[in-house]
Amino acid sequence: MIQILENISLKPFNSFGIHALAKSFCSVSSIIEMQELLEWNKIQNNPLLILGGGSNLLFTKDYNGLVLQNALKGIELIREDHENYYVKAMAGENWHQFVCYCVQMQYQGIENMSLIPGNVGASPMQNIGAYGVEIKDVFESLEAIQISDGAVVTFNNTACEFGYRESIFKRLLRNQFIILSVVFKLRKTPVYNTSYGNIEQELINMKEQQPSIRSIAEAVIRIRQRKLPDPSKIGNAGSFFKNPIIPTGLYEELKKENKNIPGYAVNNGDYTKVPAAWLIEQTGWKGFRIGDAGCYPLQPLVLVNYGNATGAEIFNLSTQIIEKVQAHFGIQLEREVNIY
Ligand SMILES: Cc1cc2nc3c(=O)[nH]c(=O)nc-3n(C[C@H](O)[C@H](O)[C@H](O)COP(=O)(O)OP(=O)(O)OC[C@H]3O[C@@H](n4cnc5c(N)ncnc54)[C@H](O)[C@@H]3O)c2cc1C
């Protein structure tokens with residue numbers, strides 16, 4: 001039996017800790033319940049928001065529709081071959097707990113993505129990534145329910161059209177599917193990736209002679225805990241902006257006036273990825289605070305709610321940052337966080 005609640009505060013359901021009211025709210029833990037709820041919502045003709053862990057969204061106003069919390073649970077090894085384990089996780093599983101499970105089972109491939117908040121269901125939607133690994137590298141397939149008719153559809157890696165923090169579910173098929181479960185292809189013989197960030201140095205600090213699935217996960221956790229604000233203490237949604245990718249010609253031009261501008265070649269060198277954190281810091285925002293909205297002093301890519309900021313205040317701060325970076329460098333920052 002589905003239970004639909006009215007006028008619920010979304011504060012406990014978003015990592016920014018923003019108070020906003022949902023007109024209707026329902027947590028569903030089975031596909032049957034989800035189909036039933038979608039039928040109900042069709043009759044109501046309400047807008048629909050799918051909620052996972054709420055760690056990559058910002059509510060700038062009340063939500064005048066139905067918030068559907070996807071709480072489908074379960075993890076299962078569905079098959080294996082010579083090289084891989086194929087592990088299915090339901091959308092409502094907590095991402096980090098799923099990573100811990102795979103580390104424990106010696107399923108290799110997602111340990112670099114330890115401690116990313118949120119749930120499994122949003123991971124392909126966002127093509128989450130950290131320390132040189134993205135979902136698309138370990139993704140086999142997903143099942144999703146089509147909101148218009150309740151049909152369950154399977155998507156393979158190509159069909160998801162993954163890009164940098166992007167997938168078809170954020171673009172062409174936006175608001176059309178609810179991701180139910182994801183199958184990950186994880187390795188039996190490890191191929192470690194320790195070249196990114198400070199993983200190698202952290203392993204040395206930890207006195208680990210050889211990298212292992214467990215030690216890499218631990219190194220990543222230690223680095224992240226030092227660098228990023230814990231949402232249970234300071235509200236935030238991780239990186240607020242994407243790192244802009246600009247034509248390399250433009251990057252070379254900028255480098256003439258800004259000798260230290262960092263850049264990483266992408267697409268065979270035709271384009272260059274510039275760290276948004278550097279651009280934000282150079283334009284004076286690092287550590288900036290207005291009321292309870294701020295730019296985190298240790299990582300300017302992260303906008304924070306020090307307590308009672310509204311979503312609109314955080315959104316306004318992000319607009320000011322975008323405008324100043326645009327005026328100074330001619331680069332348009334794009335928000336990574338989903339705005340509602
Ligand atoms: C401290 C911190 C650090 C972070 N670090 C990283 C990082 O290193 N790398 C990274 O990539 N991200 C990072 N993030 C961002 C965030 O953790 C990820 O984007 C995560 O995947 C969001 O998952 P969620 O379940 O919380 O999604 P939500 O915030 O609940 O939803 C995000 C979007 O996905 C949609 N959605 C959610 N579930 C489904 C579903 N089942 N079907 C269809 N649509 C769905 C929602 O409608 C919304 O538009 C960080 C966030 C925080 C707070």
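Reader: Into which domains is the protein divided?

Author: This is a predicted model, and in it the protein is divided into domain 1, which covers 5–70, domain 2, which covers 75–227, and domain 3, which covers 235–339.

Reader: How many Å separate the centres of domain 1 and domain 2?

Author: Taken over C-alpha atoms, the centres of domain 1 and domain 2 are separated by 25 Å. The contact between them draws 12 residues from domain 1 and 14 residues from domain 2.

Reader: Which elements give two or more residues to the side of domain 1 that touches domain 2?

Author: Those elements are helix 1 (31–44) and strand 3 (48–51), and helix 1 provides the largest share of that side, with 4 residues. Sorted by class, the side of domain 1 that touches domain 2 holds 5 nonpolar and 7 polar residues, while charged residues are absent from it.

Reader: Turning to the whole protein, how many helices and strands does it have?

Author: The protein has 8 helices and 20 strands. Its radius of gyration is 21 Å, close to the 20 Å that the globule rule gives for 340 residues, so the protein is as compact as a globular protein of that length. Along the principal axes, its C-alpha atoms fill a box of roughly 60 × 50 × 35 Å.

Reader: What percentage of the residues count as buried?

Author: A residue is called buried here if 20 or more other C-beta atoms lie within 10 Å of its own, and 39% of the 340 residues count as buried.

Terms used. Residues are numbered from 1 along each chain as its sequence is written. This is a predicted model: local features need pLDDT of at least 70, side-chain atom pairs count only at pLDDT 80 or more; totals for chains, interfaces and linings use all residues. Domain bounds come from an automatic or database domain assignment. Two residues are in contact if their C-beta atoms, placed from the backbone, lie within 7 Å. Ala, Val, Leu, Ile, Met, Phe, Trp, Tyr, Cys and Pro count as nonpolar, Asp, Glu, Lys and Arg as charged, and the others, Gly among them, as polar. The radius of gyration is taken over C-alpha atoms; the globule rule is 2.2 Å times the number of residues to the power 0.38. A residue is buried if 20 or more other C-beta atoms lie within 10 Å of its own, exposed if 12 or fewer, and partly exposed in between; C-beta atoms are placed from the backbone.
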